[in-house]
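Let me put the sequence and the model up before I start jotting.

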Amino acid sequence: MINRAAVILATIILVCSLANNAFSEPAKKQTQTIYVSAYPHVFMGPRGTVFDLGITLMIRNTDFKSPITITSVDYYDTQGKLTKKYLSSPLSINPMASKEIHITEKDAGGGIGSNFIVRWKAEKEVNVPAIEAVMIGGKGGHAISFISPGKEISE
């Protein structure tokens, strides 16, 4: 009887905890550093044929009321070497607006392990922006596209 009651109590606590998380407020932050994987090419088929991809880094302000400021967008290669700084000065993105940075299919210099580090801030806590890379390419009747979502990291 006691074991059954303990199982029921544990189940109720688990369900309440999951429900609380499911109905919690969206994440709000005032600043973040975001890591985004980028793939200038992938390997296809049994021979490992290189398939070049264009990369579009998308930064979307998901807040309805407040702008965000992108303080840096840095591109690192497979060895972790900083290869390009995309901003020479901070960039403001209005509420519900977006900014994109594009790397063409011909620019595969970063290697398959390349990534972006995006830093942003706001004057007050805002909805966390959606930051992701969209990779797309076509060759010989074949096409490929996929998305790489950003991930918050600490420095």
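Here are my entries, one topic at a time.

**Ground rules.** I'm working from a predicted model, so I note that local features need pLDDT of at least 70 and side-chain atom pairs count only at pLDDT 80 or more, while totals for chains, interfaces and linings use all residues. Residues are numbered from 1 along each chain as its sequence is written, and side-chain values use heavy atoms, with hydrogens and water left out.

**Aromatic rings.** I looked for ring pairs, meaning Phe, Tyr or Trp rings (for Trp, the six-membered one) with centres within 6.5 Å; planes under 30 degrees apart are stacked, over 60 edge-to-face, and the rest tilted. I got 4 aromatic pairs by that rule. One of them is Tyr75 with Phe116, a tilted pair at 4.9 Å centre to centre and 45° between the planes. Tyr75 sits in strand β5 and Phe116 in strand β9, so this pair ties together parts 41 residues apart in sequence. (Strands here are DSSP runs of E, at least two residues, numbered from the N terminus.) Tyr86 and Phe116 also make a tilted pair, with 6.2 Å between centres and 50° between planes. Tyr86 is in the loop between β6 and β7 (91–93), so its pairing with Phe116 in β9 links parts 30 residues apart. Tyr86 comes out partly exposed at 22%.

**Asn127.** I found Asn127 in strand β9 (residues 115–127), and it is buried at 15%. Which residues does Asn127 touch, not counting those up to four places away in sequence? I listed Pro26, Ala27, Lys28, Thr62, Asp63 and Phe64, with contact meaning heavy atoms within 4.5 Å. Its side chain has a polar contact of 3.4 Å with the side chain of Lys28. (A polar contact is a pair of N or O atoms within 3.5 Å; within protein, one must be able to donate a hydrogen and the other to accept it, and residues adjacent in sequence count only if both atoms are side-chain atoms.) A polar atom of the Asn127 side chain also lies 3.1 Å from the backbone oxygen of Thr62.

**Thr78.** I placed Thr78 in the loop between β5 (68–76) and β6 (82–85), partly exposed at 38%. Setting aside neighbours within four places, I see Thr78 in contact with Gly110, Gly111, Ile112, Gly113 and Ser114. A polar atom of the Thr78 side chain is 3.4 Å from the backbone nitrogen of Ile112.

Technical notes
Helices (H or I, at least four residues) and strands (E, at least two) are DSSP runs, numbered from the N terminus. Buried means under 20% relative accessible area, exposed over 50%, partly exposed in between (1.4 Å probe, protein chains only).
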